[in-house]
Amino acid sequence: MRVHVGSDHAGLELKDHLVAWLREHGYEPVDHGPFVYDAQDDYPVFCLRAAEGVVHDRDGGLDSLGVVIGGSGNGEQMAANKVRGVRAALAWSDETAALGRQHNDANVVAVGGRMHPLDDMTRFVEVFLTTGFSGDERHVRRIAQLASYEITRELPPLPDSARDA
């Protein structure tokens with residue numbers, strides 16, 4: 001599996017660790033940077049490229065996921081989610097990493113390099129990469145609604161339970 005990785009300066013150390021860890025564990029990491037520490041760098045530059053790489057690979061039929069890393073992971077998740085076709089989940093525990101895949105079929109995970117010890121962060125990424133999508137009808141339906149909105153910008157219809165009586 002190919003794994004696209006991007007970060008900002010706050011996630012540089014974790015990114016470098018993960019690229020090596022991924023290689024050691026049989027993954028094909030694609031490092032989108034940064035490659036040197038610069039406290040003034042801008043995470044969208046690197047995270048958008050990682051997210052685009054995932055979409056490009058998947059559109060080409062390749063098995064590919066992504067990891068974006070920052071201080072908290074919030075901005076990096078937001079950046080990745082701007083790329084059409086990306087569903088980025090913010091992981092702060094094993095459970096959130098697994099649920100991002102199981103329920104949302106997330107194809108990018110965001111983690112915060114300043115939020116947890118290195119071993120925990122590595123485990124969150126491993127859980128994300130090794131967990132599959134459940135395929136449950138309700139999750140498929142919800143993802144389809146998001147995908148449709150992403151293209152058409154038309155809101156899904158309200159259910160009867162949300163309409164005025």
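**Ground rules.** This is a predicted model, where local features need pLDDT of at least 70, side-chain atom pairs count only at pLDDT 80 or more, and totals for chains, interfaces and linings use all residues. Residues are numbered from 1 along each chain as its sequence is written, and side-chain values use heavy atoms, with hydrogens and water left out.

**Entry 1: strand S5.** I began with S5, residues 108-112. Helices (H or I, at least four residues) and strands (E, at least two) are DSSP runs, numbered from the N terminus. Buried means under 20% relative accessible area, exposed means over 50%, and partly exposed is in between (1.4 Å probe, protein chains only). I then looked at where the residues point. Val108, Ala110 and Gly112 point one way from S5. Val109 and Val111 point the other way.

**Entry 2: partners of S5.** Two strands pair if DSSP finds at least two bridges between them. S3 (residues 64-70) is joined to S5 by five bridges, and the two run parallel. Isoleucine 69 has valine 111 in S5 as its bridge partner. S4 is joined to S5 by three bridges, also in parallel. Here leucine 90 has alanine 110 in S5 as its bridge partner.

**Entry 3: helix H4.** I followed the chain through S4, H4 and S5, which make a right-handed β-α-β unit. Right-handed means that, with the strands pointing away from the viewer, the path from the first strand over the helix to the second runs clockwise. Which residues of H4 are buried? They are Thr96, Ala97, Ala98, Gly100 and Arg101. The buried residues of H4 pack against S3, S4 and helix H5 (118-130).

**Entry 4: serine 64.** Serine 64 is in strand S3. Serine 64 counts as buried because its relative accessibility is 0%. I listed its contacts (heavy atoms within 4.5 Å). Leaving aside neighbours within four places in sequence, they include Met1, Arg2, His4 and Asp57.

**Entry 5: the largest pocket.** A pocket is found on a 1 Å grid over the protein atoms alone: an open set of points where a 1.4 Å probe fits, with protein on both sides within 12 Å along at least five of seven lines. Lining residues have an atom within 4 Å of a point. The largest pocket has 19 lining residues. Asn81, Val86, Arg87, Leu146 and Glu150 lie nearest its centre. Strand S4 (88-90), helix H4 (94-102) and helix H6 (137-152) each give two or more residues to this lining. Which element gives the most? H6 does, with five residues.

Entry 6: Most residues other than glycine have a negative phi, and most peptide bonds are trans. I looked for exceptions. A cis peptide bond joins glycine 33 and proline 34, with omega about 5°. Proline 34 lies in the loop between strand S2 (28-31) and helix H2 (43-59). Aspartate 105 is not a glycine, yet its phi is positive, about 50°. Aspartate 105 sits in the loop between H4 and S5. Is aspartate 105 buried or exposed? It counts as buried because its relative accessibility is 17%. Arginine 153 also has a positive phi, near 65°. Arginine 153 is found in the segment after H6. Arginine 153 is exposed, because its relative accessible area is 55%.
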